[in-house]
Amino acid sequence: GAMAVPEDVRTVGWYRFGSRPGSLSGSAVLSGHVDDRVQGRGVFAALGDVEPGDLVEVELTDGTRLGYRVRTVERVAKDALPADQLFARSGPPRLTLITCGGDFDWTTRTHTENVVVTAEPAR
């Protein structure tokens, strides 16, 4: 019921039980860290700065690059993340990027929100 995020803040993780980037249907979900106290800025440190219409590229392990056009950028409370929508394996092809956002809660030692970017294949 949870997606593991890579320990290395420079690495992007892929939800392997969902669609793959480039699939003809469903959401390919990638996640990464915004930052880490020890490792510093994460691979998705600037994810909250993207805007609808921006181009995002995904490089696959074979070197192929896939282009996606950002449709939405949302900030969602951690406890309100619509997992059934974000991780859907059906519907139009899309890319979903997720990282932490919002304030840092020192009691729980995590950010209060997630930044969720959805994008569709660039034509």
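These legends describe close-up views of one predicted protein model. Local features are described where pLDDT is at least 70, side-chain atom pairs count only at pLDDT 80 or more, and totals for chains, interfaces and linings use all residues. Residues are numbered from 1 along each chain as its sequence is written, and side-chain values use heavy atoms, with hydrogens and water left out.

**View 1. Confidence along the chain.** The predictor's confidence in each residue is called pLDDT and runs from 0 to 100. For the protein chain the mean pLDDT is 91, and 98% of its residues reach 70 or more. Among the elements of the chain, β6 has the highest mean pLDDT (96) and α1 the lowest (84). Element names follow DSSP runs numbered from the N terminus: helices are H or I runs of at least four residues, and strands are E runs of at least two. Where pLDDT is low, the predicted coordinates should not be read in detail.

**View 2. The open sheet of six strands.** The strands stand in the order β1-β2-β7-β8-β6-β5, with mixed pairing. At the edges are β1 and β5 (55–59), each with a single partner strand, so one side of each has no neighbour in the sheet. Two strands count as paired if DSSP finds at least two bridges between them. Strands of a sheet pair through backbone hydrogen bonds, either parallel or antiparallel.

**View 3. Strand β2 and its two partners.** Strand β2 covers residues 27–31, and five of the five are buried, so the strand is largely enclosed by the rest of the structure. Buried means under 20% relative accessible area, exposed means over 50%, and partly exposed lies in between (1.4 Å probe, protein chains only). S27, V29 and S31 point one way from β2, while A28 and L30 point the other way. With β1 (residues 13–14), β2 pairs in the antiparallel sense over two bridges; here S31 is the bridge partner of G13. With β7 (residues 94–105), β2 pairs in the parallel sense over five bridges, and S27 stands opposite R94.

**View 4. Aromatic rings.** Rings of Phe, Tyr and Trp (its six-membered ring) pair if their centres lie within 6.5 Å; planes under 30 degrees apart count as stacked, over 60 as edge-to-face and the rest as tilted. By this rule there are three aromatic pairs. Y15 and F87 form an edge-to-face pair, 4.8 Å centre to centre with 75° between the planes. Y15 lies in the loop between β1 and β2, and F87 in the loop between α1 (83–86) and β7, so this pair ties together parts that are 72 residues apart in sequence. The ring centres of F104 and W106 are 4.6 Å apart and the planes stand at 70°, so this pair is edge-to-face. F104 is partly exposed at 31% relative accessible area, and W106 is exposed at 61%. Ring pairs also link Y15, F17 and F87 into a cluster.

View 5. T118 lies in strand β8 (residues 110–121) and is buried, with a relative accessible area of 9%. Strands β6 and β8 pair in the antiparallel sense over nine bridges, and T118 is the bridge partner of T72. The side chains of T118 and T72 also make a polar contact (2.3 Å). A polar contact is a pair of N or O atoms within 3.5 Å; within protein, one must be able to donate a hydrogen and the other to accept it, and residues adjacent in sequence count only if both atoms are side-chain atoms. Leaving aside neighbours within four places in sequence, T118 is in contact (heavy atoms within 4.5 Å) with R69, V70, R71, T72, L95 and T96.

**View 6. Salt bridges.** Side chains of opposite charge can pair when their charged atoms come close. A salt bridge is a side-chain nitrogen of Lys or Arg within 4 Å of a carboxyl oxygen of Asp or Glu, and the whole structure has five. In one of them, the closest N and O atoms of R10 and D8 are 2.9 Å apart; R10 is exposed at 64% and D8 partly exposed at 25%. E120 and R71 meet in another salt bridge (3.7 Å, N to O). E120 lies in β8 and R71 in β6 (residues 65–77), so the pair ties together parts that are 49 residues apart in sequence. E120 is partly exposed at 38%, and R71 is partly exposed at 42%. Salt bridges that share partners join E57, E59 and R65 into one network.
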